[in-house]
Amino acid sequence: MKIGAIGILAATLGIGSLVASVCVSREPAPAKSAPAADNRPKGNSDNLRTLLDTFRSDSNATKIRVLNQALKLTPEEAAKFWPVYQKYEKELNSVIDRRIALIRKFVTLSNEGGLDNANAAMLSTEWLQGEQDRLDLWKKYNKEIGAAVSPIRAAQFLQVEHQIALLMDLDVASQMPAVTGAK
């Protein structure tokens, strides 16, 4: 595979920075005198959901172009590959949703001064589980694509997915605040 295919994806991931920024926005903590009040603008969650849906559709279209360029599937292979890929994307979105929730939890705890040892341990455990979930998903679909199409096509798919994940992880990581707190 040429680096050009991944370059196309990298160029279109600019919206990923926007998603990461929304996820890690540093909204001020609610005032301590009114703990039950929700000071966030109404519809913020809806706006984030719309943004994420847009990002997913743009990202998915780009991934499909990159996969088409990298795999160069025959019509027979494509008929077997794309239904498996669609199942993979649905499961991947679930993993991504959990990651976004974890990022938001981390930022909230960080902003509110609640990042103590117990919360840090909990966040670390959840993050590691998310990484394991993604790895398990890759293993599952490497096997399924290998059986449906061929082990070579499965390896190519895995290579592209890994490169895309690295780019997205780097983008999100560059937006994340540093872990600070008790020593």
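Helices (H or I, at least four residues) and strands (E, at least two) are DSSP runs, numbered from the N terminus.

This is a predicted model, in which local features need pLDDT of at least 70 and side-chain atom pairs count only at pLDDT 80 or more, while totals for chains, interfaces and linings use all residues. Residues are numbered from 1 along each chain as its sequence is written, and side-chain values use heavy atoms, with hydrogens and water left out.

**Exercise 1. List the elements of the protein in order from the N terminus.**

Step 1. Count them: the protein has six helices and zero strands.
Step 2. From the N terminus on, the order is α-α-α-α-α-α.
Step 3. Turn to burial. Of the 183 residues, 32% count as buried (under 20% relative accessible area; exposed is over 50%, partly exposed in between; 1.4 Å probe, protein chains only).
Step 4. Turn to contacts (heavy atoms within 4.5 Å). Among those between residues at least 6 apart in sequence, 78% join residues at least 24 apart.

**Exercise 2. Find which helices the buried residues of helix 5 pack against, and describe how helix 4 and helix 5 cross.**

Step 1. The buried residues of helix 5 include Leu 123, Leu 137, Trp 138, Tyr 141 and Ile 145.
Step 2. The buried residues of helix 5 pack against helix 4 (75-111) and helix 6.
Step 3. The axes of helix 4 and helix 5 come within 10 Å and cross at roughly 175 degrees. Axes are lines fitted to C-alpha atoms, for helices over the stretch in contact, and angles run from 0 to 180 degrees between N-to-C directions.
Step 4. That makes helix 4 roughly antiparallel to helix 5 (an angle over 145 degrees).
Step 5. The residues of this contact divide into 16 nonpolar, two polar and 12 charged. Here Ala, Val, Leu, Ile, Met, Phe, Trp, Tyr, Cys and Pro count as nonpolar, Asp, Glu, Lys and Arg as charged, and the others, Gly among them, as polar.

**Exercise 3. Decide whether Tyr 141 and Glu 144 are buried, partly exposed or exposed.**

Step 1. Tyr 141 is in helix 5, and Glu 144 lies in helix 5 too.
Step 2. Tyr 141 has 0% relative accessibility, so it counts as buried.
Step 3. Glu 144 has 24% relative accessibility, so it counts as partly exposed.
Step 4. Leave aside neighbours within four places in sequence. Tyr 141 is then in contact with Val 84, Lys 87, Tyr 88, Glu 91 and Phe 157. Glu 144, under that rule, is in contact with Val 84 and Lys 87.

**Exercise 4. Identify the residues that touch the most other members of the largest nonpolar core.**

Step 1. A nonpolar core is a set of buried Ala, Val, Leu, Ile, Met, Phe, Trp, Tyr and Cys residues joined through side-chain atoms within 4.5 Å.
Step 2. Of its 23 residues, Leu 67, Phe 81, Trp 82, Tyr 85, Tyr 88, Ile 145 and Phe 157 touch the most other members.
Step 3. Helix 3 (44-71), helix 4, helix 5 and helix 6 each supply at least two residues of this core. Helix 4 gives the most, with eight residues.
Step 4. A second, separate core of seven residues includes Leu 102, Leu 109, Leu 115 and Leu 123.

Definitions and conventions. Parallel < 35°, antiparallel > 145°, perpendicular 65-115°, else oblique.
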